[in-house]
Amino acid sequence: QILIKYCEIEATVLTLRVRGIITEETGEKVTIEPGGRGQFDVFFDGKLVYSKQKTGRFPENHEVQKFIP
């Protein structure tokens, strides 16, 4: 299961782009949920695999496939 929690104010377009890339690359369904202000977190099977808070930035396109083992 893949889940993206995101800030609706800052990251709606980015979230849709990342969801599309993950779905295209893996064939997996991606669930998206609104999160807290400034949040952009990607979870795989309940484990945090990317956090904007930890990296200080949003992911680049080429990084997205690295989220999912």
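**Close-ups of a predicted model**

K5 comes out partly exposed, its relative accessible area being 27%.

**View A. K5 and E33 pair up across two strands.** The side chains of K5 and E33 meet in a salt bridge, with 3.9 Å from N to O. K5 belongs to strand β1 (residues 2-6) and E33 to strand β2 (residues 30-34), so this is a link between distant parts of the chain, 28 residues apart. E33 counts as partly exposed because its relative accessibility is 32%, between the 20% and 50% cut-offs.

**View B. K52 reaches E10.** Here the salt bridge joins the side chains of K52 and E10, at 3.5 Å from N to O. K52 lies in helix α2 (residues 52-55), while E10 is in the loop between β1 and α1 (12-26); the two are 42 residues apart. What about burial? K52 is buried, with a relative accessible area of 17%, whereas E10 is partly exposed at 43%.

**View C. R57 meets E63.** The N to O distance in this salt bridge between side chains is 2.7 Å. R57 is partly exposed at 35% relative accessibility, but E63 sits at 13% and therefore counts as buried, the limit being under 20%. With this one, the count of salt bridges comes to three. As a general point, side chains of opposite charge can pair when their charged atoms come close.

**View D. F40, Y50 and F58 make one aromatic cluster.** Searching the whole structure turns up two aromatic pairs. In one, the ring centres of F40 and Y50 are 6.4 Å apart and the planes are at 75 degrees, so the pair is edge-to-face. F40 and Y50 are both buried. The other pair, F40 with F58, has centres 5.8 Å apart and planes at 75 degrees, which makes it edge-to-face too. F58 is in the segment after α2, 18 residues from F40 in strand β3. F40 has a relative accessible area of 0%, while F58 is partly exposed at 27%.

**View E. D45 has a positive phi.** Where does D45 sit? Its place is the loop between β3 (40-44) and β4 (47-51). Phi of D45 is near 50 degrees, a positive value in a residue other than glycine. D45 counts as exposed because its relative accessibility is 54%, and the cut-off is over 50%.

Technical notes
Residues are numbered from 1 along each chain as its sequence is written. This is a predicted model: local features need pLDDT of at least 70, side-chain atom pairs count only at pLDDT 80 or more; totals for chains, interfaces and linings use all residues. Side-chain values use heavy atoms; hydrogens and water are left out. Helices (H or I, at least four residues) and strands (E, at least two) are DSSP runs, numbered from the N terminus. Buried means under 20% relative accessible area, exposed over 50%, partly exposed in between (1.4 Å probe, protein chains only). A salt bridge is a side-chain nitrogen of Lys or Arg within 4 Å of a carboxyl oxygen of Asp or Glu. Rings of Phe, Tyr and Trp (its six-membered ring) pair if their centres lie within 6.5 Å; planes under 30 degrees apart count as stacked, over 60 as edge-to-face and the rest as tilted.
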